[in-house]
Amino acid sequence: MKLHQSNTAGLNMFTAYGEGYVAVNNEKHQKNLILLPESIILEWSTATVSTLTESDMQKLLGLGTEIILLGTGARLRFPAGPLLRPFAPAGIGLEVMDLQAACRTFNILAAEGRKVAAALLFD
């Protein structure tokens, strides 16, 4: 599916996604990544949802965002509960969703000027 941009000049945005890939500003990616409106962190983890570690989640806590969208691949899957607990006390919203929903939601929030990150895990 191709996504259309609004007035988001200078921001990283998802421009497309499909089976096993996302495109950021028309550049295709097929490995786990973190996207922020102003930067991209490639291969932030080699984990899947079932193998995420506390160290992986600590990287997310240190991003300086108010919202993190955790895209869990082609379908929605939740990480282990203890991995999710540190976010609320830190004042960071963590939303778990499938990869495609994370892409769409990121674009909306980034366009609104929100401090958002999309952390994507590919199957």
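Let's start at serine 45, which sits in the loop between S5 and helix H1 (54-61); helices (H or I, at least four residues) and strands (E, at least two) are DSSP runs, numbered from the N terminus. Keep in mind that this is a predicted model, where local features need pLDDT of at least 70 and side-chain atom pairs count only at pLDDT 80 or more, while totals for chains, interfaces and linings use all residues. Residues are numbered from 1 along each chain as its sequence is written, and side-chain values use heavy atoms, with hydrogens and water left out.

Is serine 45 buried or exposed? Serine 45 is buried, at a relative accessible area of 8%; buried means under 20% relative accessible area, exposed over 50%, and partly exposed in between, using a 1.4 Å probe and protein chains only. Leaving aside residues up to four places away in sequence, serine 45 touches Asn32 and Asp56, where contact means heavy atoms within 4.5 Å. With aspartate 56 there is a side-chain to side-chain polar contact of 3.0 Å. A polar contact here is a pair of N or O atoms within 3.5 Å; within protein, one must be able to donate a hydrogen and the other to accept it, and residues adjacent in sequence count only if both atoms are side-chain atoms. A polar atom of the serine 45 side chain also lies 3.0 Å from the backbone nitrogen of alanine 47.

The loop between S5 and H1 also holds glutamate 43, whose phi is positive, about 50 degrees, although glutamate 43 is not a glycine. Asparagine 26 has a positive phi too, near 70 degrees. That residue is in the loop between S2 and strand S3 (27-29), and asparagine 26 counts as exposed at 64% relative accessibility. As background, most residues other than glycine have a negative phi.

Now for the sheet. It is open, with 5 strands in the order S5-S4-S8-S6-S7 and mixed pairing; two strands pair if DSSP finds at least two bridges between them. Strand S5 (39-42) and strand S7 (93-97) stand at the edges with a single partner strand each, so one side of each has no neighbour in the sheet. From one strand to the next, the twist averages 15 degrees.

Strand S6 (residues 67-71) runs parallel to strand S8 (residues 116-120), and 5 bridges join them; leucine 70 stands opposite alanine 119 in S8. S6 also pairs with S7 in the parallel sense, over 5 bridges, and there leucine 69 is opposite glutamate 95. How many of the residues of S6 are buried? The count is 5 of the 5, so S6 is largely enclosed by the rest of the structure. Both faces are covered, with Ile67, Leu69 and Gly71 buried on one side and Ile68 and Leu70 on the other.

Across this sheet comes helix H3 (residues 99-111), which lies over strand S4 (33-36), S6, S7 and S8 and runs at about 165 degrees to S8. Axes are lines fitted to C-alpha atoms, for helices over the stretch in contact, and angles run from 0 to 180 degrees between N-to-C directions. At its N-terminal end, H3 is capped by aspartate 98, with a side-chain oxygen 3.1 Å from the backbone nitrogen of glutamine 100. Just after H3, glycine 113 takes a positive phi of about 85 degrees. The buried residues of H3 include Leu99, Cys103, Phe106 and Leu109, and what covers the buried residues includes strand S1 (14-18), strand S2 (21-24), S4, S6, S7 and S8.

The largest nonpolar core has 21 residues, and Phe14, Val22, Leu69, Cys103, Phe106, Val116 and Leu120 touch the most other members; a nonpolar core is a set of buried Ala, Val, Leu, Ile, Met, Phe, Trp, Tyr and Cys residues joined through side-chain atoms within 4.5 Å. S1, S2, S4, S6, H3 and S8 are the elements giving two or more residues to this core, and H3 gives the most, with 7 residues. Leucine 69 has contacts beyond four places in sequence that include Glu95, Met97, Ala102, Phe106, Leu109 and Val116. A second, separate core of 19 residues includes Met57, Leu70, Leu94 and Leu121.
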